[in-house]
Every structure is written in structure tokens, then in C-alpha cells.
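Please keep the sequence and the model in view while reading.

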Amino acid sequence: MDSYHKSMSQIQDSIDKAGQPDKAWALELQVLLKKPLSFYLENRKEMFTTHNTQYGAVANQDDQDEVFSSNGYKSLYHLTTLNHLRPLARQHNMAFMTYFFLKCLDKVNYFGQQRPTSGELTRDQMYISRLLLHFLAVSALNSHELVMYEAPEAGPWSDGGISASNFVGSAISPTMDLMNHSCDPNTTKFNSGRGLVLIATRDIHEGDEVSHCYYSTYPEKPLDMRRKYYQERYYFHCQCHACEVKWPEANDIPKGFNDLRDGQLKIDHEKDGMALVQQIQKIQKLGSSISLEQRNGNYSQALAYCVEFAKIIDDTLERPHSYFVMVEMAIHKLLWILHGTKRKI
Ligand SMILES: [Zn+2]
């Protein structure tokens, strides 16, 4: 643990008693306490002045050698805040939290012993307040939930899953926070120890955008509910392909080969009927193999078959189709079982 831990543990009790509304908000206090006051004073000009949301997203014109770091304070500082879109009531709430955190810092002598007699804030306190409020806005918009995969003690790992009750904390990952959301993302992610791992679930071609899901995908929640959530939580109107063309939910998408919509088949079955039959046989065989390997606890082999399955259906069908949903869910689950943070309960 770095330097924040001692001070943070002294403050945590006060935060808990105050009934902090959003656990992710304590993140910005932890971020700040990792460094002493002198760090922020010394790096004020270099790191904590002009807020540039393009930092890391485009090549740095001033310093070609600068490398974007997922752990760097500069990367963290320049993440987007969208302050201009945040409702006034929420801004007031954040200002109140900032003042509360500032008093906590004062209590643990973060600013040293000197205090103004008038009760007004010192210049250092004003500066740290501004940073606290900024990091609060950063964490409100960029934090990720840390979760743990849980399975029943008596059953196999494949009986487990991820749910809201598995929430164990929050984290900010500046690199991942540069990525846009899609309701049909081409990646999946899982927690592994202190790390957050992102893995492609399909071939991503040069020039394609790499996307991940902030909350729920198109098969999980109706379009209106997703768009409402993203508007209220992240202040954007989702315009991913699934939203724009209004893909139906999981129950209403094709489930086999006899309920395909027009143009969904990538193989011209009138010209090459045999190729389609062979492709369907491969899909069915792989589907059975995935189930069998999972039942036998051979999760690595099941994952390898899933990857093969995903490639074959991508060659055969246009999205959306329940085969894509099923295989991407299976890949997600198998990655958690094989590499994620997990426990038996
Ligand atoms: Zn969307």
C-alpha cells in the first residue's frame, strides 16, 4: 500500500458514518492521498492546470516522446468530466462532498499544522479543494466496478456468476476510460487481482473502433432503458449500431437457421447449398463440444471451442443472432473462471 493508506483508514470511519451516497466517490480521496501535498504543489504547473480531454487520445504535439500511462496522474487528471452537462443539484452535492473531504484531510494534518485564524481556507487548501472536486468529477464518470466471480461451494465453477452482490469496490483505469461504449461491444472484460483485463470477443480489423460496454448490452436491456441510463449516468445519447438500427432484445432475435431475417445469411445457399450444410454441421458439432467440455470442467478447451464457434458464425451470419449472444456470454464466463478473481461461497 502507498502513503494514502494510513490517512485513508483514519478518514474512512467518518465517511462511513456520514452515509456517503456513492462508494465510488471515495476513490478521488484515495487518489489524492497517494501523494503528499508537496507533490501537488511541485507539479501544479506541469500536471494540474489546463484540463485537456484529448490527452492520450491523440498524439501529443508538444512532446512526441511522452507515453500515456495507465497509472500516471497526468492521464487521470485529463480524463473527461463533462462538468458542463452535469445537473446543478449533482454539482452542489459534489461541492458539499469536496468540503467534507477537505475537512477530513485537515483532521489528519494533510496540510501540516498551520491554520488561518479567520477560519478561511488557505491557498493550499483552495488548490487541493479544486483538485478534489475535479477528481470527484473524474471518478463519477470514469470509475469501474470491481466484482468477484462467485460459485456455490458444492458445485462446479460453471454454476457461478457475477451479480450486484459480488461488488467489492471501484477503480479507475485511464486507458480503458478512453474507450467508447457500444451496446454490442467487440470486447469483454474481467477483474484479475488488482487488474482489469479487456479481451476481444471477435476479430477486430484495422480501422475498427474497439468498444466496451459501460452497463448493459442490447440483449440484456430494452433500447429505451439503455438510452435513458446512458443519458442520465454518462450524459450521452447512445448511437451505437445496435441502438441506431433498433436491434430487438434477446427473446426476439433469430435463434436458429429457420427464423433468419432476409439477408442475414452470408453464404449464398442457392449457389452453394453444400457449403451451408457443412457450416451448419460444424456449428452444431462445436456447440455440443462446448457443452460437453464445460460439463467435464475442461474450461480451457471449452474456451478454445467458443473462439472457433465465434469465428464460424461470424463467417456465416450477420448480427444480431442468439448464437452470437450465447457464445459471447460463454467466452465472458469462461474467462472469469480461468483467469478472473473468483471464490466459492
Ligand atoms: Zn447503444
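Arg-202 is buried, having 20 other C-beta atoms within 10 Å; a residue is termed buried if 20 or more other C-beta atoms lie within 10 Å of its own, exposed if 12 or fewer, and partly exposed in between, with C-beta atoms placed from the backbone. Arg-202 belongs to the loop between strand S5 (195-200) and helix H8 (223-234). Helices (H or I, at least four residues) and strands (E, at least two) are DSSP runs, numbered from the N terminus. When neighbours within four places in sequence are left aside, Arg-202 is in contact with Asn-186, Ala-310 and Asp-314, where contact requires C-beta atoms, placed from the backbone, to lie within 7 Å.

The model is predicted: local features need pLDDT of at least 70 and side-chain atom pairs count only at pLDDT 80 or more, while totals for chains, interfaces and linings use all residues. Residues are numbered from 1 along each chain as its sequence is written.

The chain has 345 residues, of which 26% are buried, and its secondary structure comes to 12 helices and 6 strands. Of the contacts between residues at least 6 apart in sequence, 69% join residues at least 24 apart.

Two helix pairs are set out below. Axes are lines fitted to C-alpha atoms, for helices over the stretch in contact, and angles run from 0 to 180 degrees between N-to-C directions.

| Helix pair | Axes come within | Crossing angle |
|---|---|---|
| H10 (residues 273-295) and H11 (residues 299-316) | 9 Å | roughly 160° |
| H6 (residues 88-107) and H7 (residues 123-142) | 9 Å | roughly 130° |

H6 is therefore oblique to H7, whereas H10 and H11 are roughly antiparallel to each other. Angles under 35 degrees count as roughly parallel, over 145 as roughly antiparallel, 65 to 115 as roughly perpendicular and the rest as oblique. The H10 and H11 crossing is left-handed, and that of H6 and H7 is right-handed; left-handed means that the near helix is turned anticlockwise from the far one by less than a right angle, and right-handed that it is turned clockwise.

On the H6 side, Met-94, Ala-95, Met-97, Thr-98, Phe-101, Leu-102 and Leu-105 meet Gln-125, Ile-128, Ser-129, Leu-132, Leu-133, Leu-136 and Ala-137 of H7. The largest nonpolar core has 25 residues, among which Phe-101, Leu-132, Leu-136 and Ala-137 touch the most other members. Such a core is a set of buried Ala, Val, Leu, Ile, Met, Phe, Trp, Tyr and Cys residues joined through C-beta atoms within 7 Å. At least two residues of this core come from each of helix H2 (26-33), helix H5 (73-77), H6 and H7, and H7 gives the largest share, 9 residues. Apart from neighbours within four places in sequence, Phe-101 is in contact with Leu-29 and Leu-132. A second, separate core of 21 residues includes Tyr-149, Ile-331, Leu-334 and Trp-336.

Some backbone features lie in loops. Leu-82, in the loop between H5 and H6, has a positive phi near 50° and is partly exposed, with 13 C-beta neighbours inside 10 Å. Asn-109, in the loop between H6 and H7, has a positive phi of about 60° and is exposed, with 10 other C-beta atoms within 10 Å. A cis peptide bond, with omega about -5°, joins Arg-319 and Pro-320; Pro-320 lies in the loop between H11 and helix H12 (322-339).

Notes: Two residues are in contact if their C-beta atoms, placed from the backbone, lie within 7 Å.
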